[in-house]
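Hi,

Here is the structure I promised to send you. Have a look at it first, and then read my notes below.

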Amino acid sequence: MIEDELVKRFADADVLITPEALEFLKGLDNPLDFAIKVLEEGKKRSVFAIEKSLIEELVESKEEAKIPLPVEVKRTPDFKPLAKEWAPELKLIDKTDVTGKSSCKGKVEDFVACFKDRLARTRKIIEARGGNGIVSSKALSGMMSGRDIQIAGLVNSKRQTKKNDLLIEVEDEEGIVKVWVGKGRNEKERACYESASRLLLDEVVAVRGRWNPPFLIAEEIVWPDVPIQTAKTIEKPVAVAFISDLHVGSKLFLEKQFGFFIQWLNGGVGGQSEKELAGRVKYIVIAGDVVDGIGIYPKQEKELIVRDIFEQYRLCGRFLEAIPDYIEIIVAPGNHDAVRRAEPQPQLSGEIADSLGKLGNLHLIGNPSMVEIEGLKTLVYHGTSLDSVIAALPDMSYARPEKPMVELIKRRNLSPLFGENQIVPEPKDYMVIEDIPDIVHMGHVHKNGYEKYRGVVLINSGTWQSRTEFQVKQGHIPSPCILPIYDLHRGEISVVNFEGTTEAPHTSGGFL
Ligand code: FE
Ligand code: ZN
């Protein structure tokens, strides 16, 4: 088949090829693509026939052109990775990924449609929790005072009255309900006030209370949340490595440490227990900012070592290609990547995706997206909205990224605050967390954090970039080169620290 195709190509171009050269060409990775190069070069040199030596020369020059990795990745003969013995079970959940489905034109109607979808789907989640039925805002107009009811809607506004009570507007499809939250005359009221002060604008909640026109006197704020469950484990002895925010192309990308991580995956770093752990890694999930990008912030050029976006991805691809091929690699974009800046972001595509390399074990997904790894629903989100949650709630900080992650899960929305984080108002709100995840992976804040929240495993995988000038100004201390690995069989996180002594990384466990 391939041979016929190749022969035809050379015949069409009126160029002869020796049988020996044809045989050699056939054995290459991409013979048809390479034939184009061979033909071009043959014409340039106006040779009578293509000889094997010409193709060999071209193959060598192609390899030379490849960017060298900062560490040499060697195959270690005594490395017997367990994960290699098992076939992968990976499913991309298409309905959670905007790729190829973006239909937003940026009109007012788009925002309305997006909000309506957010409201309808989140209300369903709240309703599934049971309790009183939800009354629509319209039904309140004829209702007698004193009834206990529950409403649900988007938080439109939140303000403090002169007496320090809270006045909240909650909007559903039919209107706005004014909710009054008294400031602590008894313990129950204090608890309600406490939760109401944590409300974020544009999130969907239910409020239980007493109808006292024109106000609903709040007694309880009900978040959609997730039910309490036990974390799932599987029979297969495999694990997932989580990474994000590589920022390849930045001067501060820690290429040497990242190279050691790759070497570690190949069984070439550390002792027996290191190799045992490395050998369990069957999946690598990358939650965005794989490159530093171009023109992401003012004067970025100064911070770049690679100033061509395709080159940045090509360099990243060189690292990915050195990962053992029995490991499935899942890549979502982040705010530094070469897709639209606003979320939901589609997967890397076209020439950018090609630059990463056409690896058989590489899976590109949108941001956010859910994938099923060995049956475990894994929600991958870059985490851009963490900035707005950290800013909005007083007890949040960049030092503990797992805390704002909990807030997002509780709200069943990855980006509740509209306007704070650039959102494309698609007719479906892709930021709604419809299915309950088993694992949630984010990055963006360059700081590792882990938590098990009601049985959902939350991981922020930090970064592979050292502290930027911006982070110095912000007083933010990142945690680079700390690799979390979640063992799906044991239900445990181990952490490998590649930051310091890269020859013998420090491994520790017991993070959940
Ligand atoms: Fe980043
Ligand atoms: Zn980011």
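The largest nonpolar core has 74 residues, and F261, W264, I284, W464 and L483 touch the most other members. A nonpolar core here is a set of buried Ala, Val, Leu, Ile, Met, Phe, Trp, Tyr and Cys residues joined through side-chain atoms within 4.5 Å, and buried means under 20% relative accessible area (1.4 Å probe, protein chains only). Leaving aside neighbours within four places in sequence, F261 is in contact (heavy atoms within 4.5 Å) with I243, I284, W464, L483 and F498. There's also a second, separate core of 27 residues, with L379, M396, V445 and L458 among them.

Before you go on: this is a predicted model, where local features need pLDDT of at least 70 and side-chain atom pairs count only at pLDDT 80 or more, while totals for chains, interfaces and linings use all residues. Residues are numbered from 1 along each chain as its sequence is written, chains are lettered from A and ligands numbered from 1 in the order in which they are written, and side-chain values use heavy atoms, with hydrogens and water left out.

D289 sits in the loop between β10 and α9, and H382 in the loop between β14 and α11, so the pair ties together parts 93 residues apart in sequence. (Helices are DSSP runs of H or I, at least four residues, and strands are runs of E, at least two, numbered from the N terminus.) Both D289 and H382 are buried.

Cheers

Notes: Buried means under 20% relative accessible area, exposed over 50%, partly exposed in between (1.4 Å probe, protein chains only).
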